[in-house]
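Visitor: Hi! I'm new to this one, could you walk me through it?
Guide: Happy to. Let's have a look together.

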Amino acid sequence: MDNRAHRKGNCMIDRTVTGHELVLEPHDTIQSRTDARGVITFANPTFARISGYSRDELVGAPHSIVRHPGMPRGVFYAMWQTIQSGEEFFGFVLNRCKNGDSYWVFARVAPHRNPRGEIDAYSSVRIMPKREAVAAWAAVYERVLAVEQALPRDKQVAAGYAAILEHVRKSRAKSLRELAMRYV
Ligand SMILES: Cc1cc2nc3c(=O)[nH]c(=O)nc-3n(C[C@H](O)[C@H](O)[C@H](O)COP(=O)(O)O)c2cc1C
């Protein structure tokens, strides 16, 4: 077991992992909504069932409650850049269940605006990814994570993001979104 735990906000987030993967079924749709800072305001029953957290535990927690230590920081930087600029983000994400198991999803994260036109919420829908997508993105994330982990913490996000963009370029895709869509 990788034994790491991080304190975030008021809640202690456990980051230990078991190495066991829970594979989503084709009909599973995980839905959540957050405020502008990424604090969960709604979680559907499927999110609770798959993640192993109760809906009460999820609502009010930062969305990073399901963050898996195998995910590069640069991916979340790309996600936040995209949604804060008013665009939808599409990508593959490895998440962590409450008991340390993991599950892969294909995620769509969208921004929502209030009547004044300001982004005040985000929503996400996650479905079962194809297995070939999981294999491909797991390999990419492993490489990006190695780039990040070779550096001090303050350099990791920029280097991880640059490594992702380099992968997009080498794959001859116009954007991370276009590359992700190739696997859908
Ligand atoms: C609507 C929405 C959905 C998100 N879904 C996930 C998710 O499924 N898994 C995840 O690790 N982060 C998700 N995030 C990103 C987290 O807010 C956070 O940036 C990420 O977990 C990295 O956490 P860290 O900055 O503490 O490392 C989501 C954010 C938003 C706004």
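**Around the ligand and across the sheet**

Guide: Let's start at the ligand: β3 (30–35), α3 (73–84), β5 (89–96) and β7 (119–127) each give at least two residues to the shell around it. Keep in mind that this is a predicted model.

Visitor: Which element supplies the largest share of that shell?
Guide: That is β7, with three residues.

Visitor: And which residues come nearest to the ligand?
Guide: Of the 16 residues around the ligand, the nearest are Gly38, His63, Ser64, Arg67 and Tyr122.

Visitor: How do the shell residues divide into nonpolar, polar and charged?
Guide: Eight are polar, six are nonpolar and two are charged.

Visitor: Switching topic, what's the strand order in the sheet?
Guide: The sheet is open and has five strands, in the order β4-β3-β7-β6-β5, with antiparallel pairing. At the edges sit β4 (40–43) and β5, each of which pairs on one side only. From one strand to the next, the twist averages 30°.

Visitor: Which strands does α3 touch?
Guide: α3 packs on the sheet and touches β5, β6 and β7. The direction of α3 makes about 140° with that of β5.

Technical notes. Residues numbered from 1 in each chain as written. Predicted model: local features only at pLDDT ≥ 70, side-chain atom pairs only at ≥ 80, totals over all residues. Near = placed C-beta within 6 Å. Helix = DSSP H or I, 4+ residues; strand = E, 2+ residues; numbered from the N terminus. Nonpolar A, V, L, I, M, F, W, Y, C, P; charged D, E, K, R; others polar. Pairing = 2+ DSSP bridges. Axes fitted to C-alpha atoms, helices over the stretch in contact; angles between N-to-C directions. Contact = placed C-beta atoms within 7 Å.
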